[in-house]
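Me: I am new to this structure and would be grateful for a close look at a single part of it. Please describe its setting and the contacts made there.

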Amino acid sequence: DIEAFLQQLHAEYQHSVAQRFTRPFVWPERTLYIDPQIQLRSDKSIHSLDKFLTDWLASEDGARQFLVILGEFGTGKTQFSYRACELIEKHCRHRAPVMIKLGEFRDGADPAAIAAACPDRQHFHDANRDGALVLILDAFDEMGKADPRQTLDESFSRLTEGLIEGNAKLIVTCRKEFFRSDDEVDRFEFGAKASGKIIAASAEKVEIQLFDQPRIGRALDARKRGSVLKEIENHRGLMDLARRPVLLDLIAQYDRPFDASTKKADLYEDYIRNELRRGPDDKRANQRRKFAEEIAWRIQNEGPLPAAEVETSLKSMGFLDEADRFRSRSLLVREVSDYVFGHASFREYLVAKQVIPYLRRGEPKACKLSDPTIEFIREMWTWTPPPQPIERDGMIQIPAGPFIFGEANSARVANIEKPFWIDKYPVTNQQYLDFLH
């Protein structure tokens with residue numbers, strides 16, 4: 001049977017290409033994976049992510065080469081990237097998984113830059129040419145733009161077009177708010193670009209769902225904290241946090257009782273304090289905290305920081321001998337030549353802690369604010385009840401003072417120098433008609 005022989009020969013050849021490139025897969029320290037549910041954007045059906053990925057990898061359909069994994073922050077997109085490598089090694093031995101973290105590319109990336117980032121460029125090209133490659137690009141939302149004049153869609157297309165060959169496969173993970181949803185229907189052809197979101201029409205798109213209660217229970221059981229599920233299941237804020245698998249560690253490691261007054265920020269503060277403390281009488285914890293806050297502020301505004309610069313700062317503070325304390329999974333981690341935070345939400349929390357005093361003093365300081373940063377500010381700020389608003393002729397006076405404005409991932413703190421008036425409600429068709437007349 002010559003056809004069977006040729007198929008076997010081809011599979012063995014692909015396997016040899018993959019074996020030359022890959023190495024035994026090892027999960028990052030302290031990572032625990034629970035298979036999440038996903039929803040297909042095309043038909044809204046629900047699937048196990050593991051099963052969907054295994055079927056997708058096995059498919060030789062040329063139309064199933066490009067997969068986009070979307071999710072909210074903390075839903076485990078990076079964990080999924082590691083899981084994809086593991087599944088490929090277990091079930092698709094003829095393929096070569098290559099994972100690249102796009103957060104390392106502060107100035108944007110193109111296909112040539114991605115290939116150059118691989119540890120063995122020749123084997124990358126061999127696996128790509130022979131259709132054995134599965135390229136996983138993690139966290140497109142953390143990558144800088146090569147050209148600030150480009151739209152997100154243009155930047156995404158520049159990165160992904162022409163990147164894989166033949167039967168090779170491409171997976172990209174990203175926060176879902178960067179992609180246009182199906183209900184954002186554009187009436188005109190230019191509307192999609194005007195929306196500033198990514199289209200990626202040639203890709204299959206799936207959304208990782210937040211954990212349901214059974215998955216939260218299994219994850220806590222695996223961490224030996226199954227008993228706290230009853231304490232948090234009636235606490236809306238904590239259950240919302242627990243539904244994000246990456247952040248379950250905060251709940252699992254919180255050693256105080258959970259009640260209605262427990263806030264998400266409390267868990268972050270407790271977790272970070274423990275990460276930076278060497279012992280019960282550690283006098284340097286405050287210095288480490290100050291350093292972590294300074295680095296968080298800079299990374300939020302500038303992107304990943306060069307490793308040489310960060311380690312020079314550590315050395316000047318006498319911390320270089322304990323740099324591993326900052327390289328934990330949740331705080332600073334070194335990725336090749338740069339430092340970033342192990343999870344963006346810890347950086348965003350530390351930035352929010354610093355923004356609040358400026359807002360209280362009415363001294364706005366330039367800083368990029370993502371949606372999670374703003375949520376932390378809302379939760380931690382003890383709001384002063386506003387005075388009775390001044391109204392006149394259907395308008396309301398906006399007082400002077402600091403405020404947050406802007407869209408997701410580009411918000412800023414600004415200052416209203418003097419009060420102004422604005423309509424209390426949107427302009428009606430009748431009002432606009434009166435104006436025209």
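Reply: In this predicted model, Gln354 counts as buried because its relative accessibility is 18%, and the limit for that class is under 20%. Gln354 belongs to helix H15, which covers residues 344-361. Two backbone oxygens are partners of this side chain. The backbone oxygen of Leu350 is reached by the side chain of Gln354 at 3.0 Å. A polar atom of the Gln354 side chain also lies 3.0 Å from the backbone oxygen of Glu293. When residues up to four places away in sequence are not counted, Gln354 touches Glu293 and Trp297.

Asp270 is placed in helix H12, residues 264-276. Asp270 has a relative accessible area of 6%, so it is buried under the 20% limit. The side chain of Asp270 makes a polar contact, at 3.1 Å, with the side chain of Arg256. Leaving aside neighbours within four places in sequence, Asp270 is in contact with Gln253, Tyr254 and Asp255 as well as Arg256.

The structure holds one cavity of 30 Å³ or more, and the largest cavity has a volume of about 30 Å³. Its lining includes Tyr33, Ile34, Pro36, Phe211 and Pro245, together with Thr75, Gly76 and Gln79. Five of the lining residues are nonpolar, three are polar and none is charged.

Methods: Residues are numbered from 1 along each chain as its sequence is written. This is a predicted model: local features need pLDDT of at least 70, side-chain atom pairs count only at pLDDT 80 or more; totals for chains, interfaces and linings use all residues. Side-chain values use heavy atoms; hydrogens and water are left out. On a 1 Å grid over the protein atoms alone, a cavity is a set of points where a 1.4 Å probe fits but cannot get out, and a pocket is an open set with protein on both sides within 12 Å along at least five of seven lines; lining residues have an atom within 4 Å of a point. Grid points are joined across faces, edges and corners, and a volume is the space filled by probe spheres set on the points. Ala, Val, Leu, Ile, Met, Phe, Trp, Tyr, Cys and Pro count as nonpolar, Asp, Glu, Lys and Arg as charged, and the others, Gly among them, as polar. Helices (H or I, at least four residues) and strands (E, at least two) are DSSP runs, numbered from the N terminus. Buried means under 20% relative accessible area, exposed over 50%, partly exposed in between (1.4 Å probe, protein chains only). A polar contact is a pair of N or O atoms within 3.5 Å; within protein, one must be able to donate a hydrogen and the other to accept it, and residues adjacent in sequence count only if both atoms are side-chain atoms. Contact means heavy atoms within 4.5 Å.
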